[in-house]
Amino acid sequence: MKNIVILISGGGSNMAAIVRASQQQDWAKRYNARVAAVISNKADAKGLVFARDNGIATEVLDHKQFDSREAFDAQLAQVIDRYEPALVVLAGFMRILTPGFVSRYEGRMVNIHPSLLPAFTGLHTHQRAIDAGCKFAGVTVHRVTAELDVGPILDQAVVPVLPGDTAEQLAARVLVQEHIIYPRAVLNLIKN
């Protein structure tokens, strides 16, 4: 079985989209793949409830309990490795990972970023796209590398920036596309 481990920090809507796609498309039977665990760095992450309600193992590892990023990442890797992941999926996991951690999962860790990379890496992407006068914005699924938001692009979706858009309005339209392309990108990876 190809185990998928998903890391979240909050509501987990992208995680939920991946779980729903895996159920609807019967990834276990068709591709010998499943979402094996959802891990969060926050005990109150609402996505953990969805995962538990769908019979998926959950774990919490509070980053505030560690003296350094390296110590947290080392323990996180131990938790992840218990599930023998074929793929580690970052779905709103709001932690910058250390180069050692990224190297450990090289080639099998992906992230979703709410911009058309390479534009607008980092935070506040929607407001930055509006401020720059962009006519289009979007979302990118990419492989994770040690450098933030610059890994090889696996999938993208484009949405228009409408006159008078707020960052929240644009974010809502982008999120709809995130829920389409992230499950598709994960499926493409596990099929190969």
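**Close-up views of a predicted model**

View 1. V89 touches I4, V5, I6, L7, I18, V110, Y182 and V186, leaving out residues up to four places away in sequence; contact means heavy atoms within 4.5 Å. The model is predicted: local features need pLDDT of at least 70, side-chain atom pairs count only at pLDDT 80 or more, and totals for chains, interfaces and linings use all residues. Residues are numbered from 1 along each chain as its sequence is written, and side-chain values use heavy atoms, with hydrogens and water left out. The largest nonpolar core has 38 residues, and I6, W27, V38, V89 and Y182 are those with the most contacts inside it. Helix α7 (residues 167-191) supplies the largest share of this core, 8 residues. Another core, of 21 residues, lies apart from it and includes V5, Y83, V88 and V144. A nonpolar core is a set of buried Ala, Val, Leu, Ile, Met, Phe, Trp, Tyr and Cys residues joined through side-chain atoms within 4.5 Å. Buried means under 20% relative accessible area, exposed over 50%, and partly exposed in between (1.4 Å probe, protein chains only). Helices (H or I, at least four residues) and strands (E, at least two) are DSSP runs, numbered from the N terminus.

**View 2. Strand β4 and its partners.** In strand β4 (residues 85-90), 5 of the 6 residues are buried. Strand β1 (residues 2-8) runs parallel to β4 and is joined to it by 5 bridges, with I6 opposite V89. Strand β5 (residues 109-113) is also parallel to β4, through 3 bridges, and here V110 stands opposite V89. Two strands pair if DSSP finds at least two bridges between them. Together, β4, helix α5 (residues 99-104) and β5 form a right-handed β-α-β unit; right-handed means that, with the strands pointing away from the viewer, the path from the first strand over the helix to the second runs clockwise.

View 3. Strand β6 (residues 136-143) is mostly covered, with 6 of its 8 residues buried. The pairing of β5 with β6 is antiparallel and spans 4 bridges, and V141 in β6 is the bridge partner of I112. Strand β7 (residues 153-160) pairs with β6, likewise in the antiparallel sense, over 7 bridges. In this pairing F136 stands opposite P160 of β7.

**View 4. The annotated site at G12, S13 and N14.** An unreviewed UniProt entry places the feature "binding site" at G12, S13 and N14. The lining of the largest pocket takes in G12, S13 and N14 from this set. UniProt positions are given in the numbering used here, feature names are shortened, and annotations may be inferred rather than shown by experiment. A pocket is an open set of points on a 1 Å grid over the protein atoms alone, where a 1.4 Å probe fits, with protein on both sides within 12 Å along at least five of seven lines; lining residues have an atom within 4 Å of a point. S13 is partly exposed, with a relative accessible area of 32%, whereas N14 is buried at 6%. Beyond four places in sequence, S13 touches L175 and H179; N14, on that basis, is in contact with A91, I112, L175, E178, H179 and Y182.
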